[in-house]
Structures are given as C-alpha cells and as structure tokens.
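Here is a quick walk through a two-chain structure, written to be read with the model open beside it. Have a look first, then follow the sections in any order you like.

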Amino acid sequence: MTYLAKPRLHHPDLPKNKLGYTHRDYEGTVSTLCAGCGHDSISGAIIQAFFELDVPPHRVAKLSGIGCSSKTPTYFLGNSHGFNSVHGRMPSVLTGANLANRDLIYFGVSGDGDSASIGLGQFAHLMRRGVNMVYIVENNGVYGLTKGQFSATADKGSKAKRGAVNNDEPIDMVMLALQLGASFVARSFSGDKEQLVPLIRAAIAHHGAAFIDVISPCVAFNNHPGSTKSYDFVREHNEAVNRLDFMPAKTEITTEYAPGTLQEVVQHDGSVLRLRKLHEDYDASDKAGAMNYLLQRQAAGEIVTGLLYLRPDADDLHRLLNTVDVPLNQLSEKELIPGAAALEKFNASLR
Amino acid sequence: MAPLSGRRPGLETSCSKKGSEAVKTKVTGRVTHGGELKQTDIANPDYFHKVVDCQWACPAHTPVPEYIRLIAAGRYSDAFMINWQSNVFPGILGRTCDRPCEPACRRGRVEEGSSDANGQSTGVKPEPVAICRLKRVAADLKDDIRHRLPKRAAKMNGKRVALVGAGPASLTVARDLAPLGYECVIYDADAQAGGMIRSQIPKFRLPESVIDEEVGYILGLGIEFRGGQRIDSLKALLAGNGSGAYDAVFVGSGAPRGRDLDLPGRKEAAKNIHIGIDWLSSVSFGHIDRIGKRVIVLGGGNTAMDCCRSSRRLGGEDVKVIVRSGFDEMKASPWEKEDAMHEGIPILNFHVPKAFIHEDGKLTGMLFEKVEAKYDDKGRRRLVPTGEPDVHLACDDVLIAVGQENAFPWIERDASVAFDDHGLPVVDKTTLQSTHPKVFFGGDSAFGPKNIIWAVAHGHEAAISIDALCRGADITKRPPPLFNLLSQKMGIHEWSYDNDVSNDARFKVPLKDMVIALKNIKVEVELGFDAAQAFAEAQRCLNCDVQTVFAPKLCIECDACVDICPMDCITFTPDGDEQELRTRLNAPSRNLTQDLYLAGGLKTGRVMVKDEDMCLHCGLCAERCPTGAWDMQKFFLEPAQAHDCHRRAPAVARPSRAVLGEAAD
C-alpha cells in the first residue's frame, strides 16, 4: 500500500499494442491493499492480458461485490465501465448488464467470501445459465478485511495466523463450476503470471461462462506456516497439468511439438488455445475425467492448476433466451413499440 | 571502468574506511549456467556511484542530489558547503561550468516519451535537471559561510609549495594543502588571482564580485599570492626564486596561447585581426572597449561564443560566427550556442576561411570556401569543397578563436621535465606527477584545454600527491573514497527524502532584458533562479543517490515491486548471462552503459534483475514490499582529498555528515 500516486513517467521504450496503448494505459488508480497482496499481482496480470489482446478499455465492464478482491477493479482498467455492487450480488448485476448490452466484455471479480459464502447461490446460477463473462475468484482462504477469519474455501486442518485450526470442509470453487456447467474452468496462482496471463486472455476470448480460481495469498493474515494458501505452500504443492499458449485469431502457428503432447482447441472467435501437456493423461475436454483427477490429486494434497476444462462450442445465455442481437440501447422506437398487430400475433402464439 | 567492476561476489567487504558507518555485506557467490559469477556486489562503491549518473560524470564527483535536496529544503549554506568542499568554486561553476553532469542526468532519459494523464504525449522535450543553475542558487542565496571555512593552519609543517598560475587548478591545490600546514605561494603574471576565470570569461556571464568572493575564500586560508610575477625559469623556481627552496612545484598555468590562422592578408591587416583569448582578456581588464560594427568570429568553441557576445556589447552590430565544420559538430556547449543566437548572432557553418581581404592594410572582409561533409567507409569525415564560388563577407574586425595551445617557454629543456611530440608535458594521469618527481601539472597545462571542473579535479589529486610526496609516502597509493549506505525509512510510507516524482518540465532561467544587457558588458545576462523557481527545479531531481537495495533472503516473490514499478525496471526470471538476460526483461534494456542489478538466492531459484537505467528512485518498490526486502538507502560518496590522509579531524566542517545523522534519527 502506498500514499503516492504512481508516477506518470513511463519507460520510453515500452511496447505499444495495436491501439497504440502501452500497458500503463490499462492501469487504474494506485492500489490501497496491503503491500504484497496477491490480488495486486492478479490486477497486474489482468492489465497485461487486456493490453496484449488490444482491447479498447471502454469496451469492458468490470463488476465486483464486496471484499478485498472486489476493491481491485479500481486498480486496473481505469478507463472502463465499473460497478462495485452489493456483497455477493455481482453475478445478478452482471447478468442484468449483459442482457442489456451484449457487446461489452464482462469481467467479474470476486473473492472467496463474496462467492463461496454470501454469494454462493448467485455464483451457482450464473454458472448454470452460461452468462458470457470472465469470473475471477481471488481466493485467499480468509476474510482479510475483518482480520483473518477462515473463509469457506479454507482447507480443513489448515491453521489461522494465531494457530486456530479449521474444522470445516472447504468449498472447491473449481469443482462447483465444473458441476454447474461453466464452459471454461481454470485454476492458477497469483505468483505465476506466466501461467495466469494466457489463462485470462483465453477466458476473455471464450464465449460462455469462463471461471478462473486464482489462489492469491493474503500476506497480512494467511501467509504463515500451516496455511495452505501461502506463497510457500502453493509453490511447493502446485501441480500444473498444462501450459497454455493463447493465439489470437489469424496468428500463424509455427512451433512444432511432439505428437500427443499438444492439444489444440479453436474457440468461437477463431483464436487457438494450445495446451502443452505437462501430465500425459490429462484431457481438458473431458469433464468427468477432470473432476476425477482433481479429486484424486486433491486427496494427495496437491493444488492442480492450469486450464482444467474447456468446451469451445459453449452456448451462452443470449442464445438460450433467444434475445435480440443488438444492445437494448440501440433499439429504436420502431422495434421497441412494434404496434398492436405484433402484440396480437405474440398473444396468439401463446394461446 | 570495467563493466564488471560492480560484480565481486563472495567477498566480505567493509564499504567505508570509517568503520562505524560501514555497511558489511556478505554476498554469496553462485555459479550460473555459463559458470560465471554474476551477483552484483553492492559493497563495491563504484556500483552505486555509477547509478548516480551526475556524480559519476562530474570530474570532481560532487554529490549532486545531496545538495539539490538541501536547496529544496532551503538550506542554501549547507548546499554551498557541499559544493565548496567538492568543487571549490560553486558560484563560479554555477555560471560557467561545462556541466558534464547534465547530459548524464537520468531525468533527461526518463522524460523521453512521457505522457499526460490521458496517455497523450506531452510533447515536452526531455531535459536534465538544471544542475548547474541550482548550484548557482546555493551560492546566491546562502548566508555568510566564512565561519564554516577551514581555519588557517595553527602550525606550519615546514614544507613549501610553489604554484604557477593563479587559475582554478592552482587555487584548488592551495586550498587543499594550506589548512594542513603547507606554505603555499602562488605566482601569476596578472595582478589579480583567478587565471582564465578572471581574464577570459566575460563579465556578463560571471561578475567580478563572484570571482573576488570565491578566490578570496581560498587566499584567506593563509596562502601567499605573488601577483604580477611571471615565472621565467623552472630551475630558479625550484631553487626558491631567492626565498628558500620549494619542496614541490605545481604548474597550473593553463593553455595561454591562442592559435593563429596563417592566411593571405594576415600580416597586412593585422591591426583589425585579434586572437580571441588575448582580446577577451584585454576586454576583461579594460584595455579594449570598442570593436567595429561588422565582426567575424572564427571558430566554434565556447571561446568563440564569448568573443561574439562580447563584440555585441562593444559596438558590434553585425556579428557573425563562422565555422569550418557543421553546426552540430561545434565544440561549444549547446546552451552557449543558444545564448549567442538569442542575441541575434548567426552561426554560418561549412565555411573554410581562405583569405583576409584588405585595402592598403585596412581589413575589409574575408573570403571563405564552401565545403560539405563527406564520410568514407570507416565513417571518417572529410570536408570537401562544394565547388560553389567562394563567399566574401565584409567586416571591420576578425576575432580568431580556433583553439588554444600550451606553452612552457619558461621550463628549461634540461630541467628533467619531459614533453611529448605535441608539446604537452608527460604527466601521470592519476598522480599528475611529471617526469620530475617534485613537479606536478594540472588543469589545461597538463593535458590541453578542458574546463574549470577538470582543473579542480586535477587540483584535488595533485594535492594528495604533493602531500604524500612531502610526507615521504608512496604517491601511487591513492586514498579510497569515503562512502556509506544508510536506510531512509522513517515510517511505513515515510522516507527522509521526497519520493513523489515531479511532472514539471525544466524551468528556464530568467534573463535580463536584452536591450539593457547588450548595452553594458558588465551587466550579468542570467538572473538566476529565485527561491521558488529553485525549489520547483530541485524537485525535478530524481534522488538517484537514494538507492534501491535488495535483500534476497527476505523476498517472498509476491511480484508487488514488479507490478508497482512505474518504469518496469524489475524482473524476476531464470538466471542467464547479461547479454541474454537483457532480452528477457519486462521493459527493453538497450542502454548498455547502465548496469543490471542482479541478486540470486531466491526460493524459486530465479534471480531478481533490476535495470538501473530508468529507475525513478520513487521508492514504490520498497513501499509495496511486504517484507522489507527492498529498502531505499542513501549512498553518499566523497572522493578522498588531501586532508583525508591525515589522522586528525577533517579540515572542513562537513554539513554532509549532519545530513546523514539526521536521516538516521
């Protein structure tokens, strides 16, 4: 945390993206989170991902609930639309916004308290409806704003800073997302941008509900021995199943890999995800296999990371509801008030 | 300096020769892929010294950021004393220095491509901090500092030193030696001390009062000045010129001979053709107060700029500077060229002088051949005639300022002082000793024309040598600099320096109205910054001496520093050799003159690499670091001076120590 604004000066040789922006143009105001918070690293990864994707900032809507994690949208994409909603209610606000204007990129940021406790129901229904969005849970296993009580994602047997042991079973957000129908499910670690940035890029490009659970150590209250969400513990137990290379649409693909080590997935928008397998048996298109694998590795005390599941041809809420193609604010009076004949026709269809 | 000078792992080194303030650092050496030891050794004073670009570039290694902070704090006298200790002539140099510090200043690099809050280019020309003009502020706004100067030596040590020429080099030697008990005698052909400072720099750039004041501080240390005494014989001087033999002789007689141009018409029209530096000194001493209406100045150095601007004040209405080479290759400092052009003096380039045209011995003009620059395969430049007809330019007077030479007619060829083919004395670059063990050279007389700040730097080194010689010590053993590193942390977000980076562009020094300035050659053109402007300009300084010091053992690799760094200086990455590492950093790293700060010993086996090139020293990495692995520590370095070789207390009261003491509170 700092009281100073980040100086405006930037490196004169910074690369620019297709829009002529540097990554500094995707920053927000300076973070007020604790120094060393994993959430700030995730913000850094989000900035990098949007910069690399050449996304015009004003085409993004970032929404959040309440908590340390939900403060972070202030700290990235300062020129995007933002909505800091009610505790646990980001999914419903986002769903509404998405229905009203389907053309924006919807980026939801939440935490383990916001999503696994007070907002668990909202989370569940958003996933099963397949809202086209990126849902990031910045998962640190504690309530940081209220000084470090266990959250619902804290592992059973893990220790709090003062030594108390957690006796409750943890909620695994990845398993929930898989079960509830998310079509892009990943887990990553705030301390590994090389893994996280391509995952965020792929999630943004994904058409459907994309969920990323990011383990994000709470430096103030959950970064001690006995914690299962500390920098050291996560680094020691991190088992990445694959490495993702994200190729935007129309990129020429040149690298060659040995057969069987690479899985290529083409997404809706033509972008290609190349998964370099780190575990031979892992198949990111097999949901049941993925869930099975996750349960096994979890029992062995490992934290499985990477792109865990992907259904590239997913449907989204708009297609399922058969909504109009253009944002509601672009509908003219003619379409909004089609007249008595249209009403009559509609009513007749219901008889 | 060798590129790997800052990399000396596996050593336990005490940073300071004064143990109490020393930082002891144990650096563990680690072998990388190439079998190369790569850790940055921050215990080597050169490493952080190089990061302070201005101080590293200054021949006298003046602690620039330190005095700029004092100016911002309104502590002008303290700022003056730091300068006085280091460069001896703050008020003079604050007006006339060649400022090698400013092209080196990091501010000039980081402002490049700067953008406003909306990401739009500000279009501001990147410029360094006005270091030189801030130095003048310290001199202008200080209080009476006479009580802070060293006292006259209470007891003389019986050693006698003769100094030839009363210019900046000799004055520096005398200042360093006199408080130690040496009997210093300065000889000069002129009646007043100051050398070229007094005789060649026009008064509209440097008022006489400033020279009198700063030369006076030195002569007040109990130094004997024998003005109006030209030395005719080195042998006689060594023998004491009739007043007891000298233990050492320092030659600081400058480069007193202006080069001439032997062209047709030179002899016939001699009455209106003048050698630049002789003419300037005649103007300076009031022997000349007029010049013709049309003046041609030949030459592209700073002397030419002084000649043309002086001419404008002595009746010259149509004054031109004419140079052989291109405008950009001129030797004059860019700001001196700007000042001349500002006063309506055009600079014509690629004109080679061919002849002086006269009518019965009365100069009427000059003939020039037009040339262009051609480069051969090896990039060497040749000036080739364009074939255009020669250019005739009418004029009443010509000033020749095409270079200066050293001249030692008074040194007997059999006096054991060897000279090289160019007529320069053979002088050791470190000790400044000539081939005669008792004779030392410094300033322009040693290595040809340079500038005041180099003369001062030579003076300090020569004083150390002379002191060692007189004590019977080995003069090749040079005393190490004094330096220390001290944390500036005062609270969670508090530092003992102002770490908020100013967005201001360089402030311009206000000038005297040109109509008034051109009427009187003694009216100083630059008015100097006032206190408010000085504060704002001082705030542009990035405090490059407040170093980012990294402790790998404390680092948890949370990336907080990487994310917050406004210049993307910091990268955590697998190790590699330097050239390859530079390609893998978060921001392009093309400035090979700037070191990479590399530290290993991290839990993931990666290394922390920081490119020092663009660091703003804003301290945000340290503010964001949850474990204190980054700290902002002030690096203070003072090159040794003669008094440092003596055990007793330093001869000068040192404000810098007080500043460091405060920071520790």
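This is a predicted model: local features need pLDDT of at least 70, side-chain atom pairs count only at pLDDT 80 or more; totals for chains, interfaces and linings use all residues.

## Chain B in outline

Let's start with chain B, which has 665 residues, 50% of them counted as buried. Its secondary structure comes to 23 helices and 26 strands. Among contacts in chain B with a separation of 6 or more, 73% are between residues 24 or more positions apart.

## The parallel sheet in chain B

One thing to pick out in chain B is an open sheet of five strands, ordered E5-E4-E3-E6-E18, with parallel pairing. Which strands sit at its edges? They are E5 (224-227) and E18 of chain B, and each of these pairs on one side only. Going from one strand to the next, the twist averages 20°.

Zoom in on the E18 end. Strand E6 (residues 248-251) of chain B runs parallel to E18(B), and three bridges join the two. Within this pair, B:Phe250 lies opposite B:Phe440 of E18(B). The sheet also has a helix packed on it: H17 (residues 452-471) of chain B touches E3 (160-164), E6 and E18 of chain B. The direction of H17 makes about 170° with that of E6(B).

Next, look at helix H3 (residues 64-72) and helix H8 (residues 131-141) of chain B. Their axes come within 10 Å and cross at roughly 55°, so H3(B) and H8(B) count as oblique to each other. The crossing of H3(B) and H8(B) is left-handed.

Which residues meet here? H3(B) brings B:Val64, B:Tyr67, B:Ile68 and B:Ile71, while H8(B) brings B:Ile131, B:Leu134, B:Val137 and B:Ala138. By class, the contact of H3(B) with H8(B) has eight nonpolar residues, no polar ones and no charged ones.

## Positive phi in chain B

A couple of backbone angles in chain B deserve a look. Most residues other than glycine have a negative phi. B:Leu432 is not a glycine, yet its phi is positive, about 65°. You'll find B:Leu432 in the loop between strand E17 (404-405) and strand E18 (439-441) of chain B. Is B:Leu432 buried or exposed? B:Leu432 has 29 other C-beta atoms within 10 Å, and the cut-off for buried is 20 or more, so B:Leu432 is buried.

B:Asn543 is another non-glycine with a positive phi, about 55° here. B:Asn543 belongs to the loop between helix H19 (531-538) and strand E22 (546-550) of chain B. With 23 C-beta neighbours inside 10 Å, B:Asn543 is counted as buried too.

## A hairpin in each chain

In chain B, strand E12 (residues 351-359) and strand E13 (residues 362-375) run antiparallel, joined by eight bridges. B:His351 stands opposite B:Lys370 in E13(B). The two strands form a hairpin with two residues between them, and B:Asp360 in the turn has a positive phi of about 50°.

Over in chain A, strand E11 (residues 262-266) and strand E12 (residues 272-277) pair in the antiparallel sense over five bridges. A:Glu264 has A:Arg274 of E12(A) as its bridge partner. E11(A) and E12(A) also make a hairpin, with five residues between them. In the turn of that hairpin, A:Gly270 has a positive phi of about 90°.

## A helix pair in chain A

Chain A has a helix pair to look at as well. The axes of H3 (residues 90-100) and H5 (residues 120-129) of chain A come within 8 Å and cross at roughly 35°. On the H3(A) side the contact is made by A:Pro91, A:Ser92 and A:Thr95, and on the H5(A) side by A:Gln122, A:Phe123, A:His125 and A:Leu126. Sorted by class, the residues in this contact are three nonpolar, four polar and no charged.

## Where the chains touch

How many residues are in contact between the chains? There are 26 from chain A and 35 from chain B. On the chain A side, the elements giving two or more residues are helix H1 (38-52) and helix H8 (231-237). H1(A) makes the largest share of that side, with four residues. By class, the side of chain A that touches chain B has 11 nonpolar, eight polar and seven charged residues.

Note on methods. Residues are numbered from 1 along each chain as its sequence is written. Chains are lettered from A and ligands numbered from 1 in the order in which they are written. Two residues are in contact if their C-beta atoms, placed from the backbone, lie within 7 Å. Ala, Val, Leu, Ile, Met, Phe, Trp, Tyr, Cys and Pro count as nonpolar, Asp, Glu, Lys and Arg as charged, and the others, Gly among them, as polar. A residue is buried if 20 or more other C-beta atoms lie within 10 Å of its own, exposed if 12 or fewer, and partly exposed in between; C-beta atoms are placed from the backbone. Axes are lines fitted to C-alpha atoms, for helices over the stretch in contact, and angles run from 0 to 180 degrees between N-to-C directions. Angles under 35 degrees count as roughly parallel, over 145 as roughly antiparallel, 65 to 115 as roughly perpendicular and the rest as oblique. A crossing is left-handed if the near helix is turned anticlockwise from the far one by less than a right angle, and right-handed if clockwise. Two strands pair if DSSP finds at least two bridges between them.
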